[in-house]
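I opened the model to look up how its strands pair and what its helices cover. My notes follow in the order in which I made them.

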Amino acid sequence: MFENLVKANRSYRRFYQNKAIDKDTLIYLVNLARLTPSAANMQALKYMVFCELEMNAEIFKSMGWAGYYTDWDGPEEGERPSGYIMILADLEISKDVGCDYGIAAQTILLGAVEKGLGGCMIGAINRKELRKTLNLPERYDIMLTIALGYPKEKVVIEDIGPDGSVKYFRDDQQVHHVPKRTLSEVLLK
């Protein structure tokens with residue numbers, strides 16, 4: 001059921017790093033994104049896939065992991081992603097990709113969940129450092145990085161509590177809780 005796929009698609013930030021993702025799986029996920037709608041059908045998004053330990057370690061250095069976890073610098077060694085998909089805008093095709101990269105990223109993550117993987121869209125990127133690491137030409141603008149792996153954490157959705165906070169948090173068992181507004185709160189009459 002599609003609803004279950006959507007519910008299982010959470011922002012996973014801890015993975016079984018030793019469980020590799022092969023390049024063909026990452027390419028399959030990019031192909032799903034390639035098939036999504038695109039503003040004016042410009043198809044200005046480009047992708048890079050990474051599943052090699054050395055490059056993953058370099059990419060990891062440029063990522064910001066969880067804004068609400070101010071005392072956490074991201075997953076420890078052994079819990080880091082085993083793959084990344086970089087979403088880039090090709091500025092020679094279009095200067096404005098609108099929301100195309102969000103549609104592509106969500107499609108990639110839904111495809112990942114279907115394959116037993118989890119992931120996290122990361123927009124908090126040291127783009128200057130990452131551009132240098134990748135030796136990326138100026139024609140490409142880094143939009144998002146998607147970290148992927150086999151989830152090592154449990155993530156649960158729950159209604160926002162009485163305090164009204166939307167901040168995600170981890171409990172004593174390291175379960176990641178994600179407060180969501182109720183349907184009646186988001187559906188206007």
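I began with strands E3 and E4 (residues 140-149), which pair in the antiparallel sense over 5 bridges. Pairing here requires that DSSP finds at least two bridges between two strands. I found Cys 120 opposite Ala 147 in E4. The model is a predicted one, in which local features need pLDDT of at least 70 and side-chain atom pairs count only at pLDDT 80 or more, while totals for chains, interfaces and linings use all residues. Residues are numbered from 1 along each chain as its sequence is written, and side-chain values use heavy atoms, with hydrogens and water left out. Helices (H or I, at least four residues) and strands (E, at least two) are DSSP runs, numbered from the N terminus.

Next I traced the sheet around this pair. It is an open sheet of 4 strands in the order E1-E2-E4-E3, with antiparallel pairing. Strand E1 (45-50) and strand E3 (118-122) are at the edges with a single partner strand each, so one side of each has no neighbour in the sheet. From one strand to the next the twist averages 20 degrees (axes are lines fitted to C-alpha atoms, for helices over the stretch in contact, and angles run from 0 to 180 degrees between N-to-C directions).

I then went through E2. E1 and E2 run antiparallel, joined by 6 bridges, and Val 49 has Ile 85 as its bridge partner in E2. E2 and E4 are also antiparallel, over 8 bridges; there Asp 90 has Tyr 140 of E4 as its bridge partner. In E2, 8 of 8 residues are buried (under 20% relative accessible area; exposed is over 50% and partly exposed in between, with a 1.4 Å probe and protein chains only).

H3 lies across E1 and E2, at about 60 degrees to E2. Contact means heavy atoms within 4.5 Å.

I checked H4 (residues 100-114) for length: its 15 residues reach 21 Å from first C-alpha to last, close to the 21 Å expected at 1.5 Å a residue (1.5 Å times one less than the number of residues). Its buried residues include Ala 104, Ile 108 and Leu 109. The cover over the buried residues of H4 includes helix H1 (2-8), H2, E1, E2, E3 and E4. Gly 116 follows H4 and has a positive phi, near 85 degrees.

Is Glu 79 buried or exposed? Glu 79 is buried, at 14% relative accessible area, in the loop between helix H3 (53-60) and strand E2 (83-90). Its side chain makes a polar contact with that of Arg 14 at 3.3 Å (a pair of N or O atoms within 3.5 Å; within protein, one must be able to donate a hydrogen and the other to accept it, and residues adjacent in sequence count only if both atoms are side-chain atoms).

Last, I looked at the other sheet, an open one of 3 strands in the order E5-E7-E6 with mixed pairing. E5 and strand E7 (residues 176-180) run parallel, joined by 5 bridges, and Val 155 is opposite His 176 in E7.
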